[in-house]
Amino acid sequence: MCSSFDYAFAKRAFRSKEGGFQNTANVTDEDIEAYKYNFSRPGRLTAAINYYRAKFFYPPKPSPEGKLKVPTLVIWGEADPVLEKEMNNNLSRYVENVTYRGVAASHWVQQDEPAQVNQLMRTFLERKS
C-alpha cells in the first residue's frame, strides 16, 4: 500500500495538514523524491514500517541488567499526531536519567525546527560531558 501510486504516502506524510511539516519551507519536492528513492530500496520501507509496528506489538521489557544508565534526551514534537506524548510516561521505568524537551513541531521535529533541536542537543551534550 505504501509503495502504490509512486509512494504517494510520502507526499501526504510530509505535506498534510494533519501530520506533515509545520515549517513547510523545510521540505522541497527534491526532499520528497529522496525519501521516495530511499523507501524504494530493498528492505527500507519495511524497516520504517516496523518501527511503528513495534509501538503496538512489542512493548518494551525491563532489561535484566536494570535501567539504562546513560543520560538520555527525548525531544518531542508537541504537534505529533503519530507518537503520542503519553508514550513517554513509562520511559523512566527503563531509563534512569531521562530529560524531556517539547518543541512546537510536528512528527518531523528535526526538519520543522532544526535550529532549536540542534541547540537542545548541544546544551544536553555539553551539560553531560
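**Reading a buried residue**

Analyst: Phe39 is buried, with a relative accessible area of 16%. This is a predicted model, and the values that follow are computed from it. Phe39 sits in helix H2.

User: Why does Phe39 count as buried?

Analyst: The general idea is a cut-off: a residue counts as buried when its relative accessible area is under 20%. Phe39 counts as buried because its value is 16%. Leaving out residues up to four places away in sequence, Phe39 touches Tyr7, Phe9, Ala10, Leu45 and Ala48. Its C-alpha atom is separated by 23 Å from that of Gly77, 38 residues along the chain.

User: How many helices and strands are there in the chain?

Analyst: The chain has five helices and two strands. Followed along the sequence, their pattern is α-α-α-β-β-α-α. Of its 129 residues, 26% count as buried. The C-alpha atoms fill a box of roughly 45 × 35 × 25 Å along the principal axes.

User: Into which domains is the chain divided?

Analyst: There is domain 1, residues 8-57, and domain 2, residues 72-126. Their contact takes 13 residues from domain 1 and 14 residues from domain 2. The C-alpha centres of the two domains lie 19 Å apart.

User: What is the area buried between domain 1 and domain 2?

Analyst: The size of an interface is often given as the accessible area lost when the parts come together. Here the area buried between domain 1 and domain 2 is about 1,000 Å², and carbon and sulfur atoms give 53% of it. Gln22, Tyr52 and Lys55 supply 43% of the area that domain 1 buries against domain 2, more than any other three residues.

User: Is Ser106 buried or exposed?

Analyst: Ser106 is buried, at a relative accessible area of 1%. Its place is in the loop between strand S2 (98-103) and helix H4 (109-112). The side chain of Ser106 makes a polar contact of 2.5 Å with the side chain of Asp112, and it reaches the backbone oxygen of Gly20 at 3.3 Å. Beyond its neighbours within four places in sequence, the residues in contact with Ser106 include Gly19, Phe21, Gln22 and Gly77.

User: How many salt bridges does a search of the whole structure find?

Analyst: A search of the whole structure finds four salt bridges. In one of them, Asp29 pairs with Arg15, the closest N and O atoms being 3.0 Å apart. This pair links distant parts of the chain, as Asp29 is in helix H2 and Arg15 is in helix H1, 14 residues apart. Lys36 and Glu33 meet in a salt bridge of 2.9 Å, N to O; both lie in helix H2, three residues apart, about one turn of the helix. Lys36 counts as buried at 11% relative accessibility, while Glu33 is partly exposed at 44%.

User: Which parts does the pair of Glu96 and Lys69 tie together?

Analyst: The side chains of Glu96 and Lys69 meet in a salt bridge of 3.4 Å, N to O. Glu96 lies in the loop between strand S1 (72-77) and S2, and Lys69 in the loop between H3 and S1, so the pair ties together parts that are 27 residues apart in sequence. Lys69 is exposed, with a relative accessible area of 56%. Elsewhere, salt bridges that share partners join Asp6, Glu33 and Lys36 into one network.

User: What is the phi of Phe5?

Analyst: Most residues other than glycine have a negative phi. The phi of Phe5 is near 55°, a positive value in a residue other than glycine. Phe5 is found in helix H1, and it is exposed, with a relative accessible area of 76%.

How values were computed. Residues are numbered from 1 along each chain as its sequence is written. This is a predicted model: local features need pLDDT of at least 70, side-chain atom pairs count only at pLDDT 80 or more; totals for chains, interfaces and linings use all residues. Side-chain values use heavy atoms; hydrogens and water are left out. Domain bounds come from an automatic or database domain assignment. Contact means heavy atoms within 4.5 Å. Buried area is the accessible area (1.4 Å probe) that two parts lose on being put together, summed over both. Helices (H or I, at least four residues) and strands (E, at least two) are DSSP runs, numbered from the N terminus. Buried means under 20% relative accessible area, exposed over 50%, partly exposed in between (1.4 Å probe, protein chains only). A polar contact is a pair of N or O atoms within 3.5 Å; within protein, one must be able to donate a hydrogen and the other to accept it, and residues adjacent in sequence count only if both atoms are side-chain atoms.
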